[in-house]
Amino acid sequence: MLDPGAVRTYAQAVEAMGYDFIHGGEHVLGVDTTNRPDWTGPYDVHNVWREPFALHGFLAGCTSRLTLGTSVLVLPLRQTALVAKQAAEVDVLSNGRFRL
């Protein structure tokens with residue numbers, strides 16, 4: 001889902017249905033099939049993945065009870081101290097609802 005309104009509606013509906021946890025994954029770049037015509041994987045440049053910490057910060061503001069977390073985070077592409085700071089900020093801003 002690319003539309004922020006759709007993301008908000010989805011998260012709020014999940015929370016209203018009584019679910020406790022929502023998570024999102026990460027793919028930094030998709031494969032350009034122009035350069036890899038043999039690609040058979042499920043994700044390519046047409047699939048958009050939200051940046052996990054921005055997404056969970058947004059979800060924290062849209063919900064009040066859901067625990068938030070990452071299912072995939074490509075740590076080797078990130079600075080360790082920055083990941084720690086971002087995760088801590090999302091956790092604080094969500095009142096302790098973020099899991100890394």
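This is a predicted model: local features need pLDDT of at least 70, side-chain atom pairs count only at pLDDT 80 or more; totals for chains, interfaces and linings use all residues.

**Entry 1: salt bridges.** I began by counting salt bridges, and the count comes to five.

I looked up one of the pairs, Arg 65 with Asp 20, whose side chains meet in a salt bridge at 3.1 Å, N to O. This pair links distant parts of the chain, 45 residues apart. Arg 65 sits in the loop between helix H2 (52-62) and S2, while Asp 20 sits in the loop between helix H1 (4-16) and strand S1 (21-24). Then I checked how open the two partners are. Arg 65 counts as partly exposed because its relative accessibility is 37%. Asp 20 has 53% relative accessibility, so Asp 20 counts as exposed.

**Entry 2: around Arg 78.** Next I went to Arg 78, which forms a salt bridge with Glu 26, and I noted 2.3 Å between the closest N and O atoms. Arg 78 is in the loop between S2 and H3 and Glu 26 is in the loop between S1 and H2, so this pair ties together parts that are 52 residues apart in sequence. Are these two residues buried or exposed? I found that Arg 78 is buried, and Glu 26 is buried as well.

Arg 78 also meets the side chain of Glu 51 in a salt bridge, at 3.1 Å from N to O. Here too the pair links distant parts of the chain, with Glu 51 in the loop between S1 and H2 and Arg 78 in the loop between S2 and H3, 27 residues apart. Glu 51 has a relative accessible area of 32%, so I wrote Glu 51 down as partly exposed. Drawing the pairs together, I get one network of Glu 26, Glu 51 and Arg 78, joined by salt bridges that share partners.

**Entry 3: stepping back.** How many helices and strands does the protein have? I counted three helices and three strands. Read along the sequence, they follow the pattern α-β-α-β-α-β. The C-alpha trace spans about 45 × 35 × 20 Å along its principal axes.

I then looked at burial and found that 30% of the 100 residues count as buried. The accessible surface comes to about 6600 Å², and carbon and sulfur atoms hold 58% of that. For charges, I noted 8 positive and 10 negative side chains, with the centres of the two sets 6 Å apart. I also looked at contacts between residues at least 6 apart in sequence: 72% of them join residues at least 24 apart.

**Entry 4: a nonpolar patch.** Which residues form a nonpolar patch on the surface? I found Val 28, Leu 29 and Leu 77, with about 350 Å² of accessible area together. I followed up on Leu 77, which is in the loop between strand S2 (67-70) and helix H3 (80-93). Leu 77 is exposed because its relative accessible area is 60%, over the 50% cut-off.

**Entry 5: His 46.** I found His 46 in the loop between S1 and H2. His 46 counts as exposed because its relative accessibility is 65%.

**Entry 6: Asp 91.** Asp 91 is in helix H3. At 26% relative accessibility, Asp 91 counts as partly exposed. I compared its position with that of Leu 68, 23 residues away along the chain, and found 8.8 Å between the C-alpha atoms. What does Asp 91 touch, leaving aside its neighbours within four places in sequence? I noted contacts with Gly 96, Arg 97 and Phe 98.

**Entry 7: Asn 95.** My last stop was Asn 95, in the loop between H3 and strand S3 (98-99). In general, most residues other than glycine have a negative phi. Asn 95 has a relative accessible area of 71%, so I listed Asn 95 as exposed.

Definitions and conventions
Residues are numbered from 1 along each chain as its sequence is written. Side-chain values use heavy atoms; hydrogens and water are left out. Patches are made of residues with over 30% relative accessible area and no salt bridge: like charges are joined within 9 Å, nonpolar side chains (Val, Leu, Ile, Met, Phe, Trp, Tyr) within 5 Å. Accessible areas come from the Shrake-Rupley method with a 1.4 Å probe; for residues, only the protein chains shown count as cover. A salt bridge is a side-chain nitrogen of Lys or Arg within 4 Å of a carboxyl oxygen of Asp or Glu. Helices (H or I, at least four residues) and strands (E, at least two) are DSSP runs, numbered from the N terminus. Buried means under 20% relative accessible area, exposed over 50%, partly exposed in between (1.4 Å probe, protein chains only). Contact means heavy atoms within 4.5 Å. Lys and Arg count as positive and Asp and Glu as negative; His and the chain ends are not counted. The place of a charge is taken as NZ of Lys, CZ of Arg, CG of Asp or CD of Glu.
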